[in-house]
Amino acid sequence: MIDQGIISDIKYRNPIEDVISGYVSLKRAGSNMNGLCPFHSERTPSFTVFSSSQNFYCFGCGAGGDVITFIMKAENLDYISAIKFLGKRVGIEINDEEAQKGEASRTRILAMNKSAAKFFHTCLMESDNNPGIRYLRDKRGFTNQQIVHFGLGYAKDGWDNLTKHLKGQGYSDEEMKTAFLSSKSQKTGRSFDYFRNRVMIPIIDMTGNIIAFGGRILTDEQPKYMNTSDTPVFKKSRNLFAMNFAKNTCADKLILCEGYMDVIALHGAGFTNSVATLGTAITPEHARLMKRYTKSVLISYDSDSAGQNAADKAFRLLSEVGLEARVLDMGDIKDPDEFIRKRGKEEFRKLLEGTKNRFEFKFNAIKARHNLNTTDGRVKAAAETVAVLAEFPSSVERTIYAGNAAKVLGVNQETLLYDAEKYMKKSDKKKSSEEKQKMMIRSGGYGDTVNPDYVKNPAAAAAEEAIIGMMLLRTELVGEIKKIEGFGAESFFTEFNRRVYEFIIKSYEEGNGVFDEGCLSRSFSDAEVGRVVKMKIRRMELSDNGINTLKECVERLMDATSVKSGNSIEDLEELIKNKRRKNQ
């Protein structure tokens, strides 16, 4: 682990408002600063930077944290890489040896993945007649150069081939399970490989580390593709296949595909600016990663309905981060791999020149659904077109697109624009109403995905959040709360808040009385970190956050949990009597 003093120095030299202003246009609002959230689409600023506490929080999507958390999300980096990024920004270099202190688990997994990749590749190349090499060469038409370039491999159809190999190199069952390479049968206790009888595709990060694998089954069994689950070194929502290669040639444009094989085929045909998501739909993190390396994205998804729906989502997420996005129209051909094999790379190159923007893409789908030779068809098409126009916040874009659509539909351009503006106002009003309802529901703890236990005992959960908020706001209170007799992690009612409390106590002890809330991102999800920061911000709005208030919150928590679900009515009556005595 990097020395806490160095982390504190890096954060001190990177004031949060200075860093965030490089990504968001901020305006002063009293002692704070506001702007449009970079992590979700919004028209009214709900993103706030709190200079006094060096935190940010979005009241719209719940994203929150410190300057390290922000850089992790904005630049799609892990915790250590974010610290290095900020350090470099202010002239502090973090050497790899220092960064890897306490990172033995991560280092071991990366080394194990590398060993597994070599093993799979050896299994693939040891024979010209194994199922893996036949599939890649004969069915896919991949050359040896493509196979070696991407480090492709083959997981044999055995029970524990890889497990035996890795055990021979000193890796434990627990390490292999953590890396999603092997596990044990609950019935027999026998170890087994996760990947069997599959062509193996290594996933490589931007620094050349093998962080995960994708496996394509060679029979008709399901699932066709199996991918590494999230591990300490891999988050599928934050990585793109072949981005390590594409980053060198994608400054102008990037081609986004759905599958590994599409990307390998495109790279083989010379389109080395191609990438794909990893067994998951495109995420905001993917969009931000692409934003770092390119100006525009060409969406090359499958031509079926699922692929077209995915393309529509990609359009939205890419536009939210400021990327120009267009879509390829491959006609009746399903995917880029098939297109290259059937029509060749030159035809695909021509295809890239005829891409469509988001409106053209959606308007084409509307025209295909309706008979524009009938009045009824034109009316329905016009109604759907209005809804699409309302998705564009730019009045210039709406005007141009409405003009083009009006000619095709045989209607007045001003009418389309008028109806689109009405639709936008109605949609905004509906969203505002829905958001108010959500806030009311969340205030009662219902539908809480971060802390589902909240609704079971709101009084206890509220007291817990007050305690955690004060511990974050005034670190010295962490030492004080440890002195309270009979109080500890076991006193917490909700499992989430208990985990947060335990993490703060442990980090405080390991840091010799210093706690850096940025390290929350190493053990908690983005949504969970946002919730924790919200607890701190709530306490910032209150004037009394001293030891006496902390003790009162502890007492409230103890009272709220002294009667648990299923206890007798006598217990409840006793609690009421005790509370009356205290108020006398």
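Student: How many disulfides does the structure hold?

Tutor: The structure holds 0 disulfides, a disulfide being a pair of cysteine sulfur atoms within 2.5 Å. A caveat on sources: this is a predicted model, where local features need pLDDT of at least 70 and side-chain atom pairs count only at pLDDT 80 or more, while totals for chains, interfaces and linings use all residues. Residues are numbered from 1 along each chain as its sequence is written, and side-chain values use heavy atoms, with hydrogens and water left out.

Student: Is cysteine 123 buried or exposed?

Tutor: Cysteine 123 is buried, because its relative accessibility is 5%. Buried means under 20% relative accessible area, exposed over 50%, and partly exposed in between, with a 1.4 Å probe and protein chains only. Cysteine 519 is buried too, at 13%.

Student: Which residues touch the most other members of the largest nonpolar core?

Tutor: Ile20, Phe47, Phe56, Ile68, Ile467, Ile481 and Phe487, in a core of 69 residues. A nonpolar core here is a set of buried Ala, Val, Leu, Ile, Met, Phe, Trp, Tyr and Cys residues joined through side-chain atoms within 4.5 Å.

Student: Which helix gives the most to this core?

Tutor: Helix 21, residues 458-473, with 8 residues. Helices (H or I, at least four residues) and strands (E, at least two) are DSSP runs numbered from the N terminus. There is also a second, separate core of 60 residues, which includes Leu166, Cys257, Phe271 and Phe348.

Student: Back to isoleucine 68. What is it in contact with, leaving aside neighbours within four places in sequence?

Tutor: Ile7, Lys11, Tyr79, Ala82, Ile83, Leu86 and Asp516. Contact means heavy atoms within 4.5 Å.

Student: New topic. How many salt bridges are there?

Tutor: The structure holds 36, each a side-chain nitrogen of Lys or Arg within 4 Å of a carboxyl oxygen of Asp or Glu. One of them joins lysine 342 and glutamate 338, at 2.7 Å from N to O.

Student: How many residues apart are those two in helix 15?

Tutor: Lysine 342 and glutamate 338 are 4 residues apart, so about one helical turn separates them. Lysine 342 is exposed at 59%, whereas glutamate 338 is buried at 18%.

Student: And which lysine pairs with aspartate 329?

Tutor: Lysine 356, with the closest N and O atoms 3.5 Å apart. Aspartate 329 sits in the loop between strand 15 (324-327) and helix 15 (336-343), and lysine 356 in the loop between helix 16 (345-353) and helix 17 (358-369), so the bridge ties together parts 27 residues apart in sequence. Aspartate 329 is partly exposed, at 43%.

Student: How do helix 12 and helix 15 pack?

Tutor: Helix 12 (residues 260-268) and helix 15 pack at about 40°, with axes 7 Å apart. Axes are lines fitted to C-alpha atoms, for helices over the stretch in contact, and angles run from 0 to 180 degrees between N-to-C directions. The two helices are therefore oblique to each other; under 35 degrees counts as roughly parallel, over 145 as roughly antiparallel, 65 to 115 as roughly perpendicular and the rest as oblique.

Student: Which residues make that contact?

Tutor: Met261, Asp262, Ala265 and Leu266 from helix 12, and Pro336, Asp337 and Ile340 from helix 15.

Student: Last one, the backbone. Where is the cis peptide bond with proline 223?

Tutor: The cis bond joins glutamine 222 and proline 223, with omega about 0°. Proline 223 is in the loop between strand 10 (210-217) and strand 11 (225-227).
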